[in-house]
Amino acid sequence: MKETKRSGFYLEVILMLAVSIFVIQILSSAFAASYRRSRQASRLSAAVTLAANGAELCASAKSGEELCRLLSGADARLEGDVVTAFFDEDLNMDPAGAMQMRIEWKEDEKEFADIVIDILCNGETVYTLDTGIFTEGDRP
Amino acid sequence: MKQSGKAWSGLSATGITAFFLCCFLALVLFGTNIYRSTAASRQAGNEMRASLSYLHTVSRSNEAGISAGTGEYGDMLVVADGNTGYGNRIYVYEGYLVEDYSRLSAPLLPDSASQICENSLLQIEAVRQDLLKVTVDEGTVYLHIRGKGGAE
């Protein structure tokens, strides 16, 4: 009789553990996915704003060299047609920042430059903005 | 002997219930923490869009008439409405970024201004004649002034 009660108790414990582990596993993955998505969304918001900042800086700079000077606080480097600069998560220029802005500057026509701004976070492209500026004056 | 068996049975039931409750509580705490951080992250994203994207949008839709100014409540962004003499003045008042549409030569009327979002800081710095660096709580935006506005 005593043995039956004990084995019943252990069976209940094992069953409950199995159910708990199953529920915890499902909920953990749901919560973790939700957290990951939320982090991605806030990173995307920051990247969109950073790319818009990059476009405004390009419009003011008019050339890759000038852009480099404007982004000097962000450890900006000009290599060929590409300017790279670094920012922190508050969008401030920071040479050690996790967010990288990569601006490809191509002067297709005499007074127009095609600009592609990539925002990377930990080496992964988060957002790309394809835009252009008039390099001679603001309007043709 | 019979009583000892009953006690054991009661204890085991209590033990299982307590264990189940502990697991349930741990799960609720875990879920609450994740939900809190998710909500905080979403809130930060919303606030960023409300303030920084708003400033970019204002800049793009009013290219010619934007300038930096200083008023009774600190730095402000002045957005002229064509040549009417009226315009929006954007500044911080009582913890909010507000948009005050009135005659630009008139005193500010913060009580009748529209609240944009919660914000305690508005710092405007002219990087060059045609480029303003605007810092708010959520970060920094650069505004290229395409017309006659810019730094005063």
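Predicted model: local features only at pLDDT ≥ 70, side-chain atom pairs only at ≥ 80, totals over all residues.
Which helices each supply at least two residues of the lining of the largest pocket? They are α1 of chain A and α1 (2–61) of chain B.

## The largest pocket

The largest pocket has a volume of about 260 Å³. Its lining consists of 13 residues, and those closest to the pocket centre are A:Arg39, A:Ser42, A:Ala46, A:Glu89 and B:Met48.

Two helices each contribute at least two lining residues, namely α1 of chain A and α1 of chain B. The greatest contribution comes from α1(A), which gives five residues to the lining.

## The five-stranded sheet of chain A

In chain A, five strands form an open sheet with antiparallel pairing, in the order β1-β2-β3-β4-β5.

Strand β2 (residues 82–87) of chain A is joined to strand β3 (residues 99–107) of chain A by six bridges, and the two run antiparallel. Two positions illustrate this pairing: A:Thr84 stands opposite A:Arg102 in β3(A), and A:Ala85 stands opposite A:Met101 in β3(A). On the pairing of β3(A) with strand β4 (residues 112–121) of chain A, nine bridges are found, again in the antiparallel sense. Here A:Gln100 has A:Leu120 of β4(A) opposite.

## The three-stranded sheet of chain B

Chain B contains an open sheet of three strands in the order β6-β7-β8, with antiparallel pairing. Strands β6 (122–128) and β8 (139–144) of chain B stand at the edges with a single partner strand each, so one side of each is left without a neighbour in the sheet. Neighbouring strands of this sheet are turned by 25 degrees against each other on average, direction ignored.

Strand β7 (residues 131–136) of chain B and β8(B) run antiparallel and are joined by six bridges. Within this pairing, B:Val136 has B:Gly139 in β8(B) as its bridge partner.

## Nonpolar cores

The largest nonpolar core comprises 52 residues, of which A:Leu67, A:Leu71, A:Ile103 and B:Leu132 touch the most other members. Helix α1 (residues 2–61) of chain A provides the largest share of this core, nine residues. Another core, of seven residues, lies apart from it and has B:Met76, B:Tyr91, B:Val98 and B:Ala113 among its members. In soluble globular proteins, nonpolar side chains tend to be buried together.

The surroundings of A:Leu71 can be described in detail. Apart from neighbours within four places in sequence, A:Leu71 is in contact with A:Leu57, A:Ala76, A:Val83, A:Ala85, A:Phe87, A:Met93 and A:Ile103.

A:Thr135 lies in the segment after β5 (124–134) of chain A. Is A:Thr135 buried or exposed? A:Thr135 counts as buried because its relative accessibility is 10%, and the limit for a buried residue is under 20%.

Leaving aside neighbours within four places in sequence, the contacts of A:Thr135 are A:Lys62, A:Trp105, A:Glu107, A:Lys110, A:Glu111, A:Phe112 and A:Ala113. By contrast, A:Ser7 is 128 residues away along the chain, and the C-alpha atoms of A:Thr135 and A:Ser7 are separated by 83 Å.

## Two exposed loop residues with positive phi

A:Asn122 lies in the loop between β4 and β5 of chain A. Although A:Asn122 is not a glycine, it has a positive phi of about 55 degrees. With a relative accessibility of 66%, A:Asn122 counts as exposed, a class that applies over 50%.

In chain B, B:Glu94 lies in the loop between β3 (86–93) and β4 (96–103). Its phi is near 45 degrees, which is a positive value in a residue other than glycine. B:Glu94 is exposed, and its relative accessible area is 65%.

Terms used:
Residues numbered from 1 in each chain as written. Chains lettered and ligands numbered in written order. Heavy atoms only, no water. Helix = DSSP H or I, 4+ residues; strand = E, 2+ residues; numbered from the N terminus. Buried < 20%, exposed > 50% of the residue type's maximum accessible area, 1.4 Å probe, protein only. Contact = heavy atoms within 4.5 Å. Core = buried A, V, L, I, M, F, W, Y, C linked by side-chain atoms within 4.5 Å. Pairing = 2+ DSSP bridges. 1 Å grid on protein atoms, 1.4 Å probe; cavity = no way out; pocket = protein on both sides within 12 Å on 5 of 7 lines; lining within 4 Å. Points joined across faces, edges and corners; volume = space filled by probe spheres on them. Axes fitted to C-alpha atoms, helices over the stretch in contact; angles between N-to-C directions.
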